[in-house]
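Please consult the sequence and the structure while reading.

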Amino acid sequence: MRNVTKENITEVVTKALSNDIPPRNREVMTSLIRHMHDFCKEVNLTFAEWLSACEFLRRAGDISNEKRNEFILISDILGVEVLVDMLDHRITEGESESTVLGPFYRENPPVLPKGASVIQKNFENSETVKVSGRITDTAGNPIEGVAIDIWEDAPNGLYDLQDPEQPAYNLRGRFTTDENGEYAFIALRPIPYPIPYDGAGGELLKYMGHHPWRPGHIHFMISRIGYQSLISQIYDADTKYLDNDSVFAVKESLIGKFNRAPAGSETDLVLSFDFKLKKASAKTLIAAE
Ligand code: BEZ
Ligand code: FE
């Protein structure tokens, strides 16, 4: 094609897709090309803006490594991770809502018994909380043997991965539900923290005029063979930023009340929160075999 114009460029590029690619590649690329071209036309993108966007992506790549994926952060700031999560995990049977994974999950956290503490380092002015609840199926039957990974930021607003002063796996643990579907652990009251804004993600926040703060939350990854895994978070009902989370991940159903613990309790606060899991589809079960 030698006569590429503003009018035919989208057709020219989509027609260049090979006939040999899988149908899903064709669907994704046709739509992506069309939306990108329409976007450029709609905002009359200048050459300087295109170049600075390319440089922005290069800087995002430069700052990314095994522990930091700036592209996940950028997608969070644009509301893309939460959107994809809602598209891919549609609520069909009253199961608990999911929300974003975020960039701070670590595989293989310490395996701990029910009721154990994930606190490896003390911080001044922090409050301890006993978190407990039940994991059931959508009919309310308790599920035994559910693996629950939890992780949260420390009272300095940093995850262990971001902070060389914290022991590895501080404020992380893997718990298992008992025969009543119950879990429990001791943690610190999570505080609001800014998502990393010292890289390309921060540049994007500035361009958008948005702040980096997230409300206080505890992350959960809940899994059991035979059930759909759940990646979610519990938000503190009294935290700031519930209504203006920098990554748009708060859901009303995930807000929990941190209550004062009765006198003589082992923690300052208690939080009770149940989750409901949906049975895995036959397709998921076969894939897991
Ligand atoms: C988090 O909650 O850990 C998180 C989520 C999205 C972006 C950054 C952090
Ligand atoms: Fe987080």
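**The shell around ligand 1**

The shell around ligand 1 consists of 7 nonpolar, 4 polar and 2 charged residues; Ala, Val, Leu, Ile, Met, Phe, Trp, Tyr, Cys and Pro count as nonpolar, Asp, Glu, Lys and Arg as charged, and the others, Gly among them, as polar. This is a predicted model, in which local features need pLDDT of at least 70 and side-chain atom pairs count only at pLDDT 80 or more, while totals for chains, interfaces and linings use all residues. Residues are numbered from 1 along each chain as its sequence is written, chains are lettered from A and ligands numbered from 1 in the order in which they are written, and side-chain values use heavy atoms, leaving out hydrogens and water.

Q: What makes the approach of Arg214 to ligand 1 a polar contact?
A: A polar contact is a pair of N or O atoms within 3.5 Å (within protein, one must be able to donate a hydrogen and the other to accept it, and residues adjacent in sequence count only if both atoms are side-chain atoms). A polar side-chain atom of Arg214 lies 2.6 Å from an oxygen atom of ligand 1, so the pair qualifies.

Q: Which distance does His219 show to an oxygen atom of ligand 1?
A: A polar side-chain atom of His219 is placed 3.0 Å from such an atom.

Q: How much of the accessible area of ligand 1 does the protein cover?
A: The protein covers 100% of the 260 Å² that ligand 1 has on its own, by the Shrake-Rupley method with a 1.4 Å probe.

Q: Why do β3 (172-176) and β9 (255-256) stand at the edges of the sheet?
A: The open sheet has the order β3-β2-β7-β8-β9. Two strands (DSSP runs of E, at least two residues) pair if DSSP finds at least two bridges between them. β3 and β9 each have a single partner strand, so one side of each is left without a neighbour in the sheet.

Terms used:
Helix = DSSP H or I, 4+ residues; strand = E, 2+ residues; numbered from the N terminus.
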